[in-house]
Amino acid sequence: MAKHKGRGWYGKVLAAALGVTVGAVAMSMWTAQADTTGVRQPQAHVSAPAIQPVAVGIVHASDAGAKGVNITIDDGPDPVWTPQVLQLLKENGVKATFCMVGTQAKAYPDLVKAVVADGHRLCDHTVSHDTTMDKKSEAYQRQQILDAERMITEASGGVRPMYYRAPGGAFTPYSRQLAASRGMRPLGWNVDTKDFEHPGVETIVATVKSEIADGPTILFHDAGGDRAQTLDALREVLPWLKEQGYTFGFPVR
């Protein structure tokens, strides 16, 4: 759940990060292997492609251009709400970025795979959604980010998260540099719908309409509590954005 200007996540995260596959320089190495005749034959093994670092700055812009919008969905996946969000996005032809909590991804790998199969992107949202991460040690920040990276990648079947969003926006220079070195662009937001506070569908919709001019990245949630208001708001917001001439994209990397 997001914290915006001092507001924290009210829900509990499962206490069930994705310090995932270590990127190596792409090069072949030859090892000898004995065949059935006792003659040792060379066999080629090619290492995984190297991870490409990205910029450390917190991104908000959309790759869809000046009238682009980024829909971002935080804190899942959740077995009740994520499938409904996915269906709604599909009905509207919208791709989104899902910022996943590591323990949730580990608990529901089929949902992570469903998100990827529908063409959405993955984002590392740490292991336990600690909104005080910026007050913790670098070792703690590293564990939260890299363990979540590993959990999400394993749950997805090998698809790595492309972004890192600090819980509640609790970024630090260290966490941004670490994420960027792993190919995960630090991801912010412009429109905080506050849907996790259950302010009412009309209020969520009004927030999007009044604040979209401030920037293209909109924050919603698919876990951490009852997300019925989020779904109803998305049913209104997505068609309205299209009517206003917006197109849907992903945060730039």
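This is a predicted model: local features need pLDDT of at least 70, side-chain atom pairs count only at pLDDT 80 or more; totals for chains, interfaces and linings use all residues.
## Where to begin

In which loop is lysine 194 found? Lysine 194 is in the loop between β8 (191–192) and α6 (201–211); helices here are DSSP runs of H or I with at least four residues, strands are runs of E with at least two, and both are numbered from the N terminus. Although lysine 194 is not a glycine, its phi is positive, at about 55°. Lysine 194 counts as partly exposed because its relative accessibility is 22% (buried means under 20% relative accessible area, exposed over 50%, and partly exposed in between, with a 1.4 Å probe and protein chains only).

Residues are numbered from 1 along each chain as its sequence is written, and side-chain values use heavy atoms, with hydrogens and water left out.

## Helices side by side and crossed

Two packed helices are described by the angle between their axes and the distance between the axes. Take helix α1 (residues 82–91) and helix α3 (residues 109–117): their axes come within 11 Å and cross at roughly 10°. The axes are lines fitted to C-alpha atoms, for helices over the stretch in contact, and angles run from 0 to 180 degrees between N-to-C directions. α1 and α3 are therefore roughly parallel to each other (angles under 35 degrees count as roughly parallel, over 145 as roughly antiparallel, 65 to 115 as roughly perpendicular and the rest as oblique). On the α1 side, Thr82, Pro83 and Leu86 meet Leu111, Ala114 and Val115 of α3, where contact means heavy atoms within 4.5 Å. The residues of this contact comprise 5 nonpolar, 1 polar and no charged; Ala, Val, Leu, Ile, Met, Phe, Trp, Tyr, Cys and Pro count as nonpolar, Asp, Glu, Lys and Arg as charged, and the others, Gly among them, as polar.

α3 also packs against α4, with the axes 7 Å apart and an angle of about 75°. That makes α3 roughly perpendicular to α4. From α3 come Pro109, Val112, Lys113 and Val116, and from α4 come Ile152, Glu154, Ala155 and Ser156. By class, this contact has 5 nonpolar, 1 polar and 2 charged residues.

## Rings and their partners

How many aromatic pairs does a search of the whole structure find? The search finds 1. The rings of tyrosine 164 and phenylalanine 171 have centres 5.7 Å apart and planes at 90°, so the pair is edge-to-face. Rings of Phe, Tyr and Trp (its six-membered ring) pair if their centres lie within 6.5 Å; planes under 30 degrees apart count as stacked, over 60 as edge-to-face and the rest as tilted. Both tyrosine 164 and phenylalanine 171 are buried.

Charges meet rings too. Lysine 67 lies over the face of tyrosine 246, at 3.9 Å from the ring centre, and the charged end of lysine 136 sits over the ring of tyrosine 140, 4.6 Å from its centre. A charge sits over a ring if NZ of Lys or CZ of Arg is within 6 Å of the ring centre and within 35 degrees of the ring normal.

Tyrosine 163 is found in strand β6 (residues 163–164). Tyrosine 163 is buried, with a relative accessible area of 0%. Leaving aside residues up to four places away in sequence, tyrosine 163 touches residues including Thr97, Cys123, Met184 and Phe250. Tyrosine 163 and valine 59 are 104 residues apart along the chain, and their C-alpha atoms are separated by 9.4 Å.

β6 is also part of what covers the buried residues of α5, as is α4 (138–156). In helix α5 (residues 173–181), the buried residues are Ser175, Leu178, Ala179 and Ala180. Just after α5, glycine 183 takes a positive phi of about 80°.

## Loops worth a look

Proline 77 lies in the loop between β3 (68–74) and α1. A cis peptide bond joins glycine 76 to proline 77, with omega about 5°.

The loop between β5 (121–124) and α4 holds threonine 126. Threonine 126 is not a glycine, yet has a positive phi of about 75°. Threonine 126 is buried, with a relative accessible area of 0%. Valine 127 lies in the loop between β5 and α4, and at 9% relative accessibility valine 127 counts as buried.
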